Amino acid sequence: MIESLLVANRGEIARRIIRTARRLGIRAIAVHSEADAGMPFVTEADEAICVGPANPAQSYRNTEAILAAAKSTGAQAIHPGYGFLSENADFARTVEANGLIWVGPGADAITAMGDKINARNLMAAAGVPVAPGTTDPAADADAAVTAAADIGYPVMVKAAAGGGGMGMGVAVDEPALRAEYEKVRAFAERMFGDGSVLIERYFPRVRHVEVQILGLADGRVVALGERECSVQRRNQKLVEESPSPAVSPELRAELLAAAVRAGEAVGYRNAGTVECLLDPTAGQFFFLEMNTRLQVEHPVTELVYGVDLVEEQLRVAAGLAPTFDPDALTPRGHAIELRINAEDPKRFLPGPGAITTWVEPAGDGVRVDSGYAAGTTVTPFYDSLMAKLIVYGADRDEAVARARTAVGDFAIAGPKCNLPFFAELLDNAEFLSGDYDTGIVGRMR
């Protein structure tokens, strides 16, 4: 097993990785910005080193500073968490070129799945269903209009290099498409350094369902069930649950088999997620994208399958067999995750600030992965995620009941907080029925 691990991230995910590392007897090393010096993940690590000022480009995305920290602390491996450098193929290659272990998929797999058009084409060749769309970037607005005529309106306009719900727009006719094309192209150039745009079918009523895969050290790819991620604002997830209320046993078998084929098509190793759109009316799913990293919502899979995905990541990276029997993966119960963000519960606009009160809920089936505590400050430099509240029950009804109680028991004061939204959601008839889609938040507002 790996003996020393540098965690190239911050907040709740850094704290989460450090927790598993220390349980396994691995020396955990944290890197942090000047703004994060007093954060829990820093104080809980065996060793911590500052890598730069608050600006992520000068700290958490600073390849040279992170590699220097690994060298000075004698780290054997680097875990990137999610976000920041986690899906940066050049960083993965550089880590390995410096004789360090990269706790993630190979750089070639990251590259192959990082471009949405390339990924779509690879998946189609592997027999994974893809939605009608372009197989090459739309060179200009005229090309986008031509493609839309074949696909049929409405269409989704997407940045080929995008991710995290960013760089997307919907067009219902040609004038709207021309406007969205220019908007998405400009955004993609600014944010990703790549203005390539793809056009694909837009489904007015759709669910967002994803599959957790794990590429093992022996070359096999296994699927650890699906997660429902349809409660979203601005195409970004707020709630995840496993299993999905919309997926029948027959559909689950198809979905998991397709996700395994997706991983096998790129020789995938380590943890990854195959994201799909599910048309609930037709009962059909389509490949959306693949996240070549550990997901924010991995805890719901951990609770339902009884595995520690961070431990499994470390074992794969070290060339070891998994702790579970790949041929006997059996889900049990139901888990729900709520993303507790520093944002107002109505418009979901960020609201950073100093935390004066922080009281986490506890009890049977309640887990909190938090990045903050009383006395710390949510700054405007990073994502607004403060914590993840995860609940587990024997079935969905029990999980919802425990979530309702836990939300009421979670006390946060100082920054704005979206806990009131979750209290509303957990009493919403559409959500309680399980028959909801990605438009649920808009209908609530």
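## Helix 5 and its surroundings

The buried residues of helix 5 (residues 107-114) pack against helix 4 (89-97), strand 5, helix 6 (116-125) and strand 13 (284-291). Contact here means heavy atoms within 4.5 Å. Helices (H or I, at least four residues) and strands (E, at least two) are DSSP runs, numbered from the N terminus. Which residues of helix 5 are buried? They are Ala107, Ala109, Ile110, Ala112 and Met113. A residue counts as buried under 20% relative accessible area, as exposed over 50%, and as partly exposed in between (1.4 Å probe, protein chains only). An α-helix has 3.6 residues a turn, so residues three or four places apart point the same way.

Before going on, a word on the model and its numbering. This is a predicted model, in which local features need pLDDT of at least 70 and side-chain atom pairs count only at pLDDT 80 or more, while totals for chains, interfaces and linings use all residues. Residues are numbered from 1 along each chain as its sequence is written, and side-chain values use heavy atoms, with hydrogens and water left out.

Two strands pair if DSSP finds at least two bridges between them. Strand 4 (residues 77-79) and strand 5 are joined in the parallel sense over two bridges, and Ile78 has Trp102 of strand 5 as its bridge partner.

Ile49 is partly exposed, with a relative accessible area of 23%. Leaving aside neighbours within four places in sequence, Ile49 is in contact with Ala30, Val31, His32, Ala69 and Ser72. From Ile49 to Ala70 there are 21 residues in sequence and 9.4 Å in space, C-alpha to C-alpha.

## One cavity

How many cavities of 30 Å³ or more does the structure hold? There is one. A cavity is found on a 1 Å grid over the protein atoms alone, as a set of points where a 1.4 Å probe fits but cannot get out, and lining residues have an atom within 4 Å of a point. Grid points are joined across faces, edges and corners, and the volume is the space filled by probe spheres set on the points.

The largest cavity holds about 40 Å³ of space. Its lining residues include His79, Trp102, Thr292, Arg293 and Gln313. By class, the lining has five nonpolar, six polar and one charged residues. In this scheme Ala, Val, Leu, Ile, Met, Phe, Trp, Tyr, Cys and Pro count as nonpolar, Asp, Glu, Lys and Arg as charged, and the others, Gly among them, as polar.

## Strand 19 and its partners

Strand 19 (residues 385-393) is mostly covered, with eight of its nine residues buried. Strand 14 (residues 334-341) pairs with strand 19 in the antiparallel sense over eight bridges, and Ile336 has Val391 as its bridge partner there. Strand 17 (residues 366-370) also pairs with strand 19 in the antiparallel sense, over five bridges. Here Asp369 stands opposite Lys388.

Arg367 has its place in strand 17 and is buried, with a relative accessible area of 17%. The side chain of Arg367 makes a polar contact with the side chain of Asp369 (2.9 Å). A polar contact is a pair of N or O atoms within 3.5 Å; within protein, one must be able to donate a hydrogen and the other to accept it, and residues adjacent in sequence count only if both atoms are side-chain atoms.

Most residues other than glycine have a negative phi, and most peptide bonds are trans. The peptide bond from Ser242 to Pro243 is cis, with omega near 0°, and Pro243 lies in the loop between strand 11 and helix 9. Ser244 is in that loop too. Is Ser244 buried or exposed? Ser244 is buried, with a relative accessible area of 3%, and its side chain makes a polar contact with the side chain of Glu228 (2.6 Å).

Phe348 has a positive phi of about 60° although it is not a glycine. Phe348 sits in the loop between strand 14 and strand 15 (353-354) and counts as buried at 4% relative accessibility.

Definitions and conventions:
1 Å grid on protein atoms, 1.4 Å probe; cavity = no way out; pocket = protein on both sides within 12 Å on 5 of 7 lines; lining within 4 Å.
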